[in-house]
Amino acid sequence: MAVQHFLAASALLLSCLAVTSYAVTFSSLPRTLVLSVSTTQGHVLRAGEDNITLAWSLNTSLPVGTDSGYKTVKLKLCYAPISQKDRAWRKTVDDLAKDKTCQHKIASQAYSSSSSTFTWTLQKDVPTGTYFVRAYVHNSADEVVAYGQTTDAHKATNLFDIQAISGSHVSLHVASVCFSAFSVVSLFGFFFLEKRKSKSSQHK
Ligand SMILES: *[C@@H]1O[C@H](CO)[C@@H](O)[C@H](O)[C@H]1NC(C)=O
Ligand SMILES: *[C@@H]1O[C@H](CO)[C@@H](O)[C@H](O)[C@H]1NC(C)=O
């Protein structure tokens, strides 16, 4: 009886997995969105402070109706090849379920056939690196059906750099904490010495 239940549960689980993990490969997606970012190649942006504005629209040279099944546009910040080097946890895999190129969600917007924009303040937790932005188009079943990106197919043009909230800020912070602690200790030390002095003068 228990074994039967177990088998039934396993079969159910497997079928659910089979349904949810259909593999969509990046290489199978058509590039139909024209996506641009309001920053220039090589410009260094500061995480937690600077903003980027993304603008996207359907490529006008595509046949009318190309976007009929489009429902949402999910914008993501992606690592350029130079920031993926020697970092397996940012690796590009064609199977989108396993791909680690675009780890930072920027926004999810309803698809509109007219052009759209979105301004994003870079999140504080974005690490220092070189990036581009990709927009994944989803249909009403939430399947990825198309994309657009701010760089070319080789991920070589229009890349931008993000500077994380810098380490020097952190060390400055540490230094000021140490300095405060030192001041407190020296204050106590001074107080203690004064007390001893006054005690010894009382004994005389
Ligand atoms: C980014 O946008 C936010 C919110 O609109 C604004 O407060 C901030 O000043 C902007 N930062 C820069 C560097 O323009
Ligand atoms: C728009 O699509 C055409 C045809 O596929 C392509 O040649 C062109 O490069 C695309 N334009 C942009 C800006 O992506």
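Are cysteine 78 and cysteine 102 buried or exposed?

Modeller: Cysteine 78 and cysteine 102 are both buried, where buried means under 20% relative accessible area, exposed over 50%, and partly exposed in between (1.4 Å probe, protein chains only). The model is predicted, so local features need pLDDT of at least 70 and side-chain atom pairs count only at pLDDT 80 or more, while totals for chains, interfaces and linings use all residues. Residues are numbered from 1 along each chain as its sequence is written, chains are lettered from A and ligands numbered from 1 in the order in which they are written, and side-chain values use heavy atoms, with hydrogens and water left out.

The two cysteines are joined to each other by a disulfide, with an S to S distance of 2.2 Å; the term stands for a pair of cysteine sulfur atoms within 2.5 Å. One disulfide is found when the whole structure is searched. The link between cysteine 78 and cysteine 102 is right-handed, with 100 degrees about the S-S bond. It connects distant parts of the chain, 24 residues apart: cysteine 78 belongs to strand β4 (residues 72-79), and cysteine 102 to the loop between β4 and β5 (104-110). Helices (H or I, at least four residues) and strands (E, at least two) are DSSP runs, numbered from the N terminus.

Threonine 101 is in that loop between β4 and β5 too. It counts as buried because its relative accessible area is 1%. The side chain of threonine 101 makes a polar contact of 2.7 Å with the side chain of threonine 92. Such a contact is a pair of N or O atoms within 3.5 Å; within protein, one must be able to donate a hydrogen and the other to accept it, and residues adjacent in sequence count only if both atoms are side-chain atoms.

Now the rest of the chain. The protein has two helices and nine strands, in the order α-β-β-β-β-β-β-β-β-β-α from the N terminus. Of its 204 residues, 31% count as buried.

Strand β3 (residues 51-58) runs antiparallel to β1, and five bridges join the two; strands pair if DSSP finds at least two bridges between them. β3 also pairs with strand β6 (residues 116-121), again in the antiparallel sense, over six bridges. In β1 (residues 33-37), Leu33, Leu35 and Val37 make up the covered face, and Val34 and Ser36 the uncovered one.

Leucine 33 has leucine 58 of β3 as its bridge partner, and leucine 35 stands opposite tryptophan 56 in β3. Tryptophan 56 in turn stands opposite serine 116 in β6.

Around ligand 1 are Glu49, Asp50, Asn51 and Thr121, a residue being near a molecule or strand if one of its heavy atoms lies within 4 Å of it. An oxygen atom of ligand 1 is 2.5 Å from an N or O atom in the side chain of asparagine 51, and a nitrogen atom of ligand 1 is 3.1 Å from a polar backbone atom of glutamate 49. On its own, ligand 1 has 360 Å² of accessible area, and the protein covers 31% of that; such areas come from the Shrake-Rupley method with a 1.4 Å probe, and for residues only the protein chains shown count as cover.

Val34, from the uncovered face of β1, is one of the residues around ligand 2, with Asn59 and Ser61. Oxygen atoms of ligand 2 lie 2.2 Å from a polar side-chain atom of asparagine 59 and 3.0 Å from one of serine 61.

Aspartate 142, with phi near 65 degrees, lies in the loop between β7 (129-138) and β8 (144-149). Its relative accessible area is 44%, so aspartate 142 is partly exposed. Lysine 155, with phi of about 55 degrees, is in the loop between β8 and β9 (160-163). Lysine 155 counts as buried because its relative accessibility is 16%.
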